[in-house]
Amino acid sequence: MLSRRQLIAAAAVGGSAAALGMPMSRARELSADEFRSLAARGYNRRFLARPAKIFVPTGAEEVRRAVAGAVAENSPIAARSGGHCFDDFVDNDRIRSIIDLGRMNAVSWDERYRAFSVDAGADIGTVYNALHRWGVTVPGGICLGVGMGGHVCGGGYGPLSRRFGLVADHLVGVEVVTVDAEGTAKVVVATADGPDRELWWAHTGGGGGNFGVVTRYLLRSPGSDGADPAHALPSPPGAMLSARLILPITTEDSFVRLLTNYLGFFVRHSAPGNEFAGLYAPLMIRTTGTAAAEMLILFDAGTPHARTRFDEFVATVSDGVFPPPLLTPVARLSYADTVNQVYYAKGVNTTRVKVKAAYLRTPYSPDQLRIFYRYLTDPRFLGESQLEFLPFGGAINAVAADATAMPARDSFMKMLIHASWRLPSDDDRYLRWAREMYRDVHAETGGVPAPSAAYGGSYINYPDADLADARWNTSGLPWHAFYYGDNYRRLLRVKAAADPGNVFQHRLSIGRPDW
């Protein structure tokens, strides 16, 4: 029975609606301001949700009732956790029922499953701080406001992934609301060793919004029996070294030298267990007219000769770069303080965004780097856009490509074009800038990072619908080859079993979207 303090709400455009089939005495109607605020909670200002109803449940059974009600009304459904999807998987004109999981944010130890239970609506920062009480962590993202709901089932990676793998590598179960062939919504707990193992596997990189509404994850590391929560997940570093390397790049040659140094270093140190596995150093190059670059350097201070290795990395990246980079003072902080003071704080994005990404198996050539430079220094696009490189590999590559749904287990780096602007009137030119840069850099492989000796495709948590558009993908490969490779056939079988009515779909959903 619902308490009066619980907010289990639905609001209808132009009218009112009882929540989850409950009488109005058991549900509070959202005010117009609350409704508008929740509808606009998505990250990308290019897209605006226009739902008829928004549900804000507090548990799996309430999610089930919300799904059941939407199915009965033939109302297209989308679930939102942190709201950080880069594309319009939730925020579009088609979705009529949004299940907002923001109130489901608990982190606890589940004795039954001997695993940590993490609600899908919990953001990454909440999870880190909660797990700290047990002296453990997960190798999740550096952006603390991202919701676990989409992060984990897309794979999930971050500063500790080169040492501990993906978050999905520590997933032993998932609680998800599915809809069967008769249209009945049910709560399923799929585990790695249970009868619904295939549904569990699909959530280890198969992306969000495909099979149902995830309500919580069960996390425990491989090799742990769960007897002791303090040993059920990785122990974080005792301390971390951190600094920023500021790189004022003034010439094309200097840009090429920097990227050649940087990419070359990480391709040489991409094997599992290498001496730099505790290093995470994302490089961000902004469109300021001079391709100004900044690198955040994080290094596990418990690594043998940590400061010597830290300095070796800085010297290698800086070699031959002019003007010489500036290193800010190197701080040594506890892991918890690093998370709360150095990781990227929660915030609200106010820009319009387009992202395009690639997994790299080999470094870009000097000619490709020169293409990047010319686009980044185009004076017509000064502002908030940037090119990012995000170190990958290490322990991530110790897992077989079919062990999880995400097959990219032999890449050493992620590339991300993050176009960002504010005015709707600039949509066309910024979209063209991002698309043409991506196309020109990957011209030899059909304008896209087609899986090959050079590329490992792309990351579903950086979704790009252009990969399904023959105008921008001339490789002859379907979009799903970039995100799932040979695992797609298995994902199709899971989709057919878990969601036979194709209730859960979006622009790049498993199977054929009815769009």
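**Close-up 1. Cavities in the predicted model.** Count the cavities of 30 Å³ or more and you get 2. A cavity here is a set of points, on a 1 Å grid over the protein atoms alone, where a 1.4 Å probe fits but cannot get out, and lining residues have an atom within 4 Å of a point. Grid points are joined across faces, edges and corners, and a volume is the space filled by probe spheres set on the points. This is a predicted model, so local features need pLDDT of at least 70 and side-chain atom pairs pLDDT 80 or more, while totals for chains, interfaces and linings use all residues. Numbering runs from 1 along each chain as its sequence is written, and side-chain values use heavy atoms, with hydrogens and water left out.

**Close-up 2. The largest cavity.** It holds about 40 Å³ of space. Around it sit Tyr128, Asn129, His132, Tyr335, Ala336, Val339 and Asn340. Two elements give two or more residues each to this lining, α3 (124-131) and α9 (335-341), and α9 has the largest share with 4 residues. By type, the lining splits into 4 nonpolar, 3 polar and no charged residues.

**Close-up 3. Helix α2 and its buried side.** Helices (H or I, at least four residues) and strands (E, at least two) are DSSP runs, numbered from the N terminus. Ala60, Glu62, Val63, Ala66, Val67 and Ala70 of α2 are buried, meaning under 20% relative accessible area with a 1.4 Å probe, protein chains only. They lie on the same side of α2 because they cover an arc of only 160° around the axis, taken from the directions from the helix axis to the C-beta atoms. These buried residues pack against β3 (53-55), β4 (77-80), β5 (97-100), β8 (171-179), β9 (185-191) and β10 (213-219). After α2 comes Asn74, with a positive phi near 55°.

**Close-up 4. His151 in helix α4.** This histidine belongs to α4 (residues 148-153). His151 counts as buried because its relative accessibility is 7%. Setting aside neighbours within four places in sequence, His151 is in contact (heavy atoms within 4.5 Å) with residues including Ile124, Gly140, Val167, Tyr459 and Asn461.

Note on methods
Buried < 20%, exposed > 50% of the residue type's maximum accessible area, 1.4 Å probe, protein only. 1 Å grid on protein atoms, 1.4 Å probe; cavity = no way out; pocket = protein on both sides within 12 Å on 5 of 7 lines; lining within 4 Å. Nonpolar A, V, L, I, M, F, W, Y, C, P; charged D, E, K, R; others polar.
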